[in-house]
Amino acid sequence: MAKAKSDIELDDDDFVEDDDTPDTDNAPNTRNSLTKRRLIDNYLEERRLQKQLSDFDFD
């Protein structure tokens, strides 16, 4: 088993360093997307509740 591990060769070119710093240009888009998503979620929740209310038997 130890010999099999030594046969593996890794090149430094195979690995790309990722920049962990967030893009400052992306922050407003993310905020806008989250706001839109919340609006859609609220709208869908309201529709679901309206459907439940209309299906409810008041008698």
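Reader: How many residues apart are Arg-48 and Glu-45 in helix α2?

Author: This is a predicted model in which local features need pLDDT of at least 70 and side-chain atom pairs count only at pLDDT 80 or more, while totals for chains, interfaces and linings use all residues. Residues are numbered from 1 along each chain as its sequence is written, and side-chain values use heavy atoms, without hydrogens and water. Arg-48 and Glu-45 are separated by about one helical turn, because along helix α2 their spacing is three residues.

Reader: Nice start! What is the distance between the closest N and O atoms of Arg-48 and Glu-45?

Author: Side chains of opposite charge can pair when their charged atoms come close. Arg-48 and Glu-45 form a salt bridge (a side-chain nitrogen of Lys or Arg within 4 Å of a carboxyl oxygen of Asp or Glu). Their closest N and O atoms lie at a distance of 2.5 Å.

Reader: Are these two residues buried, partly exposed or exposed?

Author: The classes rest on relative accessible area (buried under 20%, exposed over 50%, partly exposed in between, with a 1.4 Å probe and protein chains only). Arg-48 comes out at 39% and Glu-45 at 36%. Arg-48 therefore falls in the middle class, and Glu-45 likewise counts as partly exposed.

Reader: Which residue forms a salt bridge with Arg-37?

Author: Arg-37 sits in helix α2, which covers residues 26–55, and four residues, about one turn, separate it from Asp-41 in that helix. Arg-37 is partly exposed at 47% relative accessible area, and Asp-41 is partly exposed at 35%. With closest N and O atoms 3.1 Å apart, the salt bridge of Arg-37 is with Asp-41.

Reader: And how far apart are the closest N and O atoms of Asp-55 and Lys-51?

Author: Asp-55 and Lys-51 are four residues apart in helix α2, so about one helical turn separates them. Asp-55 is exposed at 55% relative accessibility, and Lys-51 is exposed at 52%. The two form a salt bridge, and the gap between their closest N and O atoms is 3.3 Å.

Reader: Last one: what percentage of the protein's residues is buried?

Author: The protein has 59 residues. Of these, the buried share is 0%.

Terms used:
Helix = DSSP H or I, 4+ residues; strand = E, 2+ residues; numbered from the N terminus.
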